[in-house]
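Colleague: I would like to learn how to read a model of this kind, one feature at a time. Where do we begin?

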Amino acid sequence: MTRATEVDPVLVVKRADGRAEVTIDGVMKVLEASESAETQQTITAMVTERAAALGCPVKMITRSDDGDTAVVVFPSGAVWPGSVDEAASPETTTVIPPTPLKTIIRAQPRRPARSRGSEAAAPIAVMADERPLAVTSTVSSTATGPADEPSVPARAATSPAVPAQPEVTVRVPGRSAPATGADFTTPAGTEVSIGDDVSPTPPLYTAPIVHEDATPAARPSFVRHHHTETIAAEGWRGALNGLGMRLAPSEDELSSRADMQTVSQHWMGPRTIAVVNAKGGSGKTPTTAMLAATFARYGGAGVLAWENNQTRGTLGWRTEQADHQATSMDLLPRVEQMLSSEARVADLAQYVHHQRTDRYDVLCSQPLVLASEQRVTSRDVDAVHDLASRFYRMIFIDSGNDESDPAWLRMIDHANQIVVPTTTRDDHAEAGALLLEALAARDERSALLAANAVVVVSRADPKASAADVQRVVDGFSALAREVVVVPFDATLVDGQLQYDAQQPATRRAWLSASAAVARGL
């Protein structure tokens, strides 16, 4: 039996504050917090519209604090729990009564950028046509009792009720009825055959039903898949291979290649990583810069390092400066304009500082004024994150030290993962451990972030012994998902942060740390 082709799924991420982020064909729309039933109705209508436009069912993945759930939404609005293949090829198929309905569904547009004091846009009305699903196959009808109908989106109070009708089970000749699963039905007295359309309007989607013996034999492909032998490119093995030998790579080289593959992947929708530790000097800024550089080098463009700091952060001091002095405070008044349809990614160049060698962008804070003169609110964090999520695929946030600051807490709400940097100093390690324990007790979402955290232990003191490092690693092993050690490197202690300026062992450690982060995304 042929199966419906599975198209790109729709991703729905439900946040703890009630908002929902709906990503369709790579475009994300944010629905403001409202009644859960109303939000779900709007989401189902959006996915139904997508399915109708494609002419086939669409898989919808809903991601929340409770985990991931998947359903299939048909062009008719019917919802099937499971995969597209399961929904498109049951032995029996439901035909929804041929009564086209018009439903007015309140939908929220994607949230515009918010300048200070601005208000959210008013909801808009979307007209959604619901058409019946048709069956085009020779069948025989047998009267049965009422059957369970597949789930359909909730209708507005003004929608007319669908009159109850007797139903019959439609089965494919020569097949036995399935032992479990829903019966798909059509109104009693209806005789359906090839070419019949039970709908007064053309069906948006027709589930094909074909016998196995009608499937043609697979044609051999003209495309040949050549296996490329993997040989060493590094170390003495790589040197000998340059002379004509063909030595296999070492375990270390294979591990390095695996980490590169892990870091180079792209994810559906942007990812936000918050680099946090309440103790100054624990390595937040070097960790932010080096993670951004590693992901940009191996995964390509679209990486931002953003300094979310009420006080004098040093990310702007320790990275390459563009030919302007703009900071996040200059960008905030222009966020709404930058989120308009006329804005271009190149327009951001006047606000961010591009790292020409390491290939990522820096959005720095204003280190020249007092903190009281550049207060950033939680709404400001929302606005900048909305803008960054539109133009960047990876967002690394270098945070301040005040865990009670609304801007710091809002950053945690946006984070997909947290990274806790520390040195071998007792106060740095203790501050990081207390932070993870506090997040674990804050709420369920924060607890998940803490359990999924990556800890980066930098050997900032060249006199620190291996036992000192191991003591910190052992202490964090029970608190975080992974712990990675970065060796001492003078370029991390002071001066401009550049990936190539570091020792090979240091660069390898940052690749391991980046792979650990990628495994949690």
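This is a predicted model: local features need pLDDT of at least 70, side-chain atom pairs count only at pLDDT 80 or more; totals for chains, interfaces and linings use all residues.

Colleague: Where does R359 lie, and what is its phi?

Modeller: R359 lies in the loop between β14 and β15. Its phi is positive, about 70 degrees, although R359 is not a glycine.

Colleague: Which loop holds R356, and is R356 buried or exposed?

Modeller: Exposure is read against a cut-off: over 50% relative accessible area counts as exposed. R356 has 67%, so it is exposed. R356 is found in the loop between β14 (353–354) and β15 (361–363).

Colleague: What joins the side chains of R356 and E320?

Modeller: Their side chains are joined by a polar contact of 2.4 Å. In sequence R356 and E320 are 36 residues apart, while their C-alpha atoms are 8.0 Å apart in space.

Colleague: How should I read S76, buried or exposed?

Modeller: Under 20% relative accessible area counts as buried. S76 is at 7%, and therefore counts as buried. It is found in the loop between β5 (67–73) and β6 (79–81). The S76 side chain reaches the backbone nitrogen of A78 at 3.4 Å.

Colleague: What do the totals for the chain look like?

Modeller: The secondary structure comes to 14 helices and 19 strands. The chain has 521 residues, of which 45% count as buried. For contacts between residues at least 6 apart in sequence, 72% join residues at least 24 apart.

Colleague: How do I check the length of a helix, say α10?

Modeller: Work out an expected span, 1.5 Å times one less than the number of residues, and compare it with the distance between the end C-alpha atoms. Helix α10 (residues 426–442) has 17 residues and should span 24 Å; its end C-alpha atoms are 24 Å apart, so the two agree.

Colleague: Which residues of α10 are buried, and what do they pack against?

Modeller: The buried residues of α10 are H428, A429, A431, G432, A433, L435, L436 and L439. They pack against α9 (406–414), β17 (417–422), α11 (444–451), β18 (454–458) and α12 (466–477).

Colleague: How are α10 and α12 placed relative to each other?

Modeller: For a pair of helices, look at the axis distance and the crossing angle. The axes of α10 and α12 come within 11 Å and cross at roughly 10 degrees. Angles under 35 degrees count as roughly parallel, so α10 and α12 are roughly parallel to each other. On the α10 side the contact is made by D426, A429, G432, A433 and L436, and on the α12 side by R471, V472 and F476. By class, this contact has 5 nonpolar, 1 polar and 2 charged residues.

Colleague: What does the length check give for α14?

Modeller: Helix α14 (residues 504–519) has 16 residues and should span 22 Å; the end C-alpha atoms are 23 Å apart, which agrees. Its buried residues are T506, A509, W510, L511, A513, S514, A515, A516, V517 and A518.

Colleague: At what angle do the axes of α5 and α14 cross?

Modeller: The axes of helix α5 (residues 284–299) and α14 cross at roughly 80 degrees and come within 9 Å. That angle is in the 65 to 115 range, so α5 is roughly perpendicular to α14. In α5, the residues P286, T287, M290, L291, T294, F295 and Y298 meet W510, L511, A513, S514, V517 and A518 in α14. This contact divides into 10 nonpolar residues, 3 polar and no charged.

Colleague: Where does G281 lie, and which residues is it in contact with?

Modeller: G281 lies in the loop between β12 (271–275) and α5. Its relative accessible area is 60%, so G281 is exposed. Leaving aside neighbours within four places in sequence, G281 is in contact with T423 and H428. H428 is one of the buried residues of α10.

Colleague: And P421, buried or exposed?

Modeller: P421 has a relative accessible area of 0%, so it is buried. P421 is found in strand β17. Apart from neighbours within four places in sequence, P421 is in contact with V275, V276, N277, S282, G283, K284, T287 and V456. T287 is also among the α5 residues that meet α14.

Note on methods
Residues are numbered from 1 along each chain as its sequence is written. Side-chain values use heavy atoms; hydrogens and water are left out. Helices (H or I, at least four residues) and strands (E, at least two) are DSSP runs, numbered from the N terminus. Buried means under 20% relative accessible area, exposed over 50%, partly exposed in between (1.4 Å probe, protein chains only). Contact means heavy atoms within 4.5 Å. Axes are lines fitted to C-alpha atoms, for helices over the stretch in contact, and angles run from 0 to 180 degrees between N-to-C directions. Angles under 35 degrees count as roughly parallel, over 145 as roughly antiparallel, 65 to 115 as roughly perpendicular and the rest as oblique. Ala, Val, Leu, Ile, Met, Phe, Trp, Tyr, Cys and Pro count as nonpolar, Asp, Glu, Lys and Arg as charged, and the others, Gly among them, as polar. A polar contact is a pair of N or O atoms within 3.5 Å; within protein, one must be able to donate a hydrogen and the other to accept it, and residues adjacent in sequence count only if both atoms are side-chain atoms.
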